[in-house]
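Please load the model in your viewer and keep the sequence panel open beside it. We will walk through it one selection at a time.

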Amino acid sequence: MFSALALGVCALFAQSTHTSALKIGNKKGATVKGIVECDGKPVKGVVVSDGFEITRTDAKGAYYLNSAKRNGQVFISIPSGYEVANNGVVPAFWANLKADASTPERHDFLLRKVNNDKHALIAITDIHIINARYDYEDFTEKYLPRLREEVEKYKAQGVPVYTIDLGDSAWDRYWYENGYNIGDFRNTIENVDYPTQFFNVMGNHDNDSAAEPDNDTDFMAAQPYRKAFGPNYYSFNLGKAHYVVLDNIVYLNEKEGKNKALSHQAGIAGTCNYQTYISPEQMAWLRKDLAEVEDPENTPVFIAFHAPMFKCRAATGEVFTQANRRNEKELYELTAPFKEVHLLTGHTHSNAINESPRSPKTMIDHTVAGTCGAWWWTSAHGGHNICPDGNPVGFATFVTDGNDVKWDFQAFEYPSDKQFFVFDMNSVKRYCATNGQTKSFLRHYPLWTNYSELPENTLYISVWNYDPKGTLSVKENGKELAVESTVDTNPLYMATYMTQRTTWEDKYGTGYNQPRKRRMFKVTASAPDSPVEVSYTDRFGRTYKETIARPAVFDRSIF
């Protein structure tokens with residue numbers, strides 16, 4: 001098992017340490033100034049900010065900020081056609097401020113030219129390394145090689161590749177119990193030489209649970225994150241696309257609440273609770289940042305934050321606002337000028353593609369499946385790592401060519417051309433009726449189903465990254481079968497995670513009383529032994545097919 005470094009190590013991380021040879025003058029009132037250069041020459045028009053004020057570099061590459069230094073950092077919005085140098089694998093787009101608010105200080109930034117008009121962005125999320133359940137080994141030894149393959153695929157085409165981690169890299173409740181915090185995660189990606197520049201988003205579990213609950217808890221709890229990964233909100237440009245990272249977790253860590261027992265654990269000051277919205281300070285900064293984009297009508301904008309803004313009611317297909325409710329109208333207003341808006345989110349440990357029914361422009365919330373799945377439990381018990389919706393863990397890749405955006409989802413532990421599970425429910429019903437562990441689970445949790453009321457010859461299909469603009473087709477002997485949306489328990493999730501966490505451990509907590517139901521698709525075949533051909537075509541015309549020989553065995557070991 002990985003041996004974590006001591007807490008507080010994140011304070012040692014480097015940031016932008018470049019010192020330019022170019023001369024810079026003074027400006028009245030400026031408390032932060034500096035030069036942005038490339039190949040020894042000044043770069044004009046680069047956006048620079050302290051999280052409150054925004055300015056641009058002048059013809060000499062110089063910037064001047066009248067900063068109150070509240071956030072303690074200054075950062076640039078990396079311009080199109082450039083990259084910044086790395087500190088390890090983390091892009092050096094920020095500098096930590098060192099002097100008090102009244103003392104001027106200088107921080108310079110170094111750019112390098114790159115053609116990233118076409119680029120790929122890998123989105124991963126909810127890695128949740130806690131120094132337990134073989135999480136470090138699985139991530140670095142099993143999943144990292146798969147990510148390297150993805151990177152090499154695009155590099156072979158001459159396409160630059162970047163990564164954005166959408167939050168919850170560590171887990172606040174285990175920072176002190178297991179000795180692994182957000183700074184240790186920074187060490188992890190450095191030690192394994194992650195294959196791309198690594199941008200980061202702050203999640204709820206990336207807050208310091210030792211922060212005492214008061215009016216400034218959210219700010220103080222984010223300090224270790226800022227030391228490890230820089231600002232918790234910032235922007236950058238890749239090619240024609242503008243990217244914004246926000247923190248839509250307002251950390252409260254109150255003493256009383258649902259997780260009151262947490263406040264009695266070593267190092268934890270409260271219950272680790274939070275709310276999901278974008279703070280007024282960030283919204284004010286976002287307004288200024290988006291106003292600096294010069295051609296919004298031809299610019300796709302990506303806004304990344306941890307908690308999904310939209311959720312779909314599985315039973316009706318209705319998309320509703322889940323997070324950022326108090327920011328919704330303003331977000332629509334600010335993004336209305338842009339070509340299209342893509343939200344990149346995590347948090348739920350499952351995939352979802354939900355398009356806003358209210359935004360004046362196309363606004364799609366891409367929720368990416370968590371890397372840890374069901375908190376590394378199913379892999380720790382010897383199986384594939386699956387998410388709480390019963391689907392596999394993986395990552396999304398967004399390819400932007402000019403202002404055209406396409407995306408796909410790849411599972412870490414399955415071939416790239418596999419995109420769904422098919423369950424022969426005749427076999428699932430027999431499994432539930434005969435498997436001792438499942439029978440024991442159902443005795444303890446009678447509200448869960450054994451699927452006995454399903455008609456014979458029913459099949460369930462779980463599309464891993466279902467898109468409402470995709471098409472699912474099922475044929476039996478060449479005849480098209482009617483496909484219905486259904487809401488039910490994913491058989492694989494019940495047969496793996498639920499039985500492992502109860503019968504395997506002989507622990508039957510009340511938290512599992514209510515069934516975990518998810519959207520799947522249902523068809524009814526005419527016979528128990530006829531093969532079916534399943535195909536799913538995504539919105540870009542890519543088709544994934546499988547022919548299922550029936551009766552198809554159901555057993556957790558074959559998935």
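**Before you click**

This is a predicted model, in which local features need pLDDT of at least 70 and side-chain atom pairs count only at pLDDT 80 or more, while totals for chains, interfaces and linings use all residues. Residues are numbered from 1 along each chain as its sequence is written, and side-chain values use heavy atoms, with hydrogens and water left out.

**Stop 1: the whole chain**

Start with a cartoon view. The chain has ten helices and 35 strands; these are DSSP runs numbered from the N terminus, with helices being H or I of at least four residues and strands being E of at least two. The radius of gyration is 25 Å, close to the 24 Å that the globule rule gives for 559 residues, so the chain is as compact as a globular protein of that length. That radius is taken over C-alpha atoms, and the globule rule is 2.2 Å times the number of residues to the power 0.38. Along its principal axes, the C-alpha trace spans about 80 × 55 × 40 Å.

Now colour by accessibility. Of the 559 residues, 60% are buried, where buried means under 20% relative accessible area, exposed over 50% and partly exposed in between (1.4 Å probe, protein chains only). Among contacts with a separation of 6 or more, 74% are between residues 24 or more positions apart; a contact means heavy atoms within 4.5 Å.

**Stop 2: a four-stranded sheet**

In which order do the strands of the open sheet run? Select them and read across: β31-β30-β34-β35, with antiparallel pairing. The edge strands, each pairing on one side only, are β31 (479-480) and β35 (543-548). Two strands pair here if DSSP finds at least two bridges between them; β34 (residues 532-537) and β35 have six bridges.

Next, select Lys418, in the loop between β27 and β28 (420-424). Is Lys418 buried or exposed? Its relative accessible area is 18%, so Lys418 counts as buried. Lys418 lies 126 residues from Tyr544 in sequence, yet the C-alpha to C-alpha distance is 6.7 Å. Leaving aside its neighbours within four places in sequence, Lys418 is in contact with Trp464 and Glu546.

**Stop 3: the cavities**

A search of the whole structure finds three cavities of 30 Å³ or more. On a 1 Å grid over the protein atoms alone, a cavity is a set of points where a 1.4 Å probe fits but cannot get out, and a pocket is an open set with protein on both sides within 12 Å along at least five of seven lines; lining residues have an atom within 4 Å of a point. Grid points are joined across faces, edges and corners, and a volume is the space filled by probe spheres set on the points.

For the largest cavity, about 130 Å³ in volume, select Asp408, Asn465, Tyr536, Asp538 and Arg542, which lie nearest its centre among 13 lining residues. Strand β27 (residues 404-411) gives the most to this lining, with three residues.

The second largest cavity has a volume of about 60 Å³. Its lining residues include His366, Trp407, Asp408 and Asn465. Here too β27 gives the largest share, three residues. By class, the lining has seven nonpolar, four polar and one charged (Ala, Val, Leu, Ile, Met, Phe, Trp, Tyr, Cys and Pro count as nonpolar, Asp, Glu, Lys and Arg as charged, and the others, Gly among them, as polar).

**Stop 4**

Move to the second largest pocket, with a volume of about 470 Å³. Of its 22 lining residues, Ser80, Asn237, Glu292, Val293 and Glu294 lie nearest the centre. The elements that give two or more residues to this lining are β16 (234-238) and β17 (241-245). The lining divides into six nonpolar, nine polar and seven charged residues.

**Stop 5**

Most residues other than glycine have a negative phi, and most peptide bonds are trans.

- Select Asn324, in the loop between β22 (319-321) and α6 (328-335): its phi is positive, about 60 degrees, and at 0% relative accessibility Asn324 counts as buried.
- Select Asn477, in the loop between β30 (471-476) and β31: its phi is positive, about 50 degrees, but Asn477 is exposed, with a relative accessible area of 64%.
- Finish at Arg550 and Pro551, which are joined by a cis peptide bond with omega about 0 degrees; Pro551 is found in the segment after β35.
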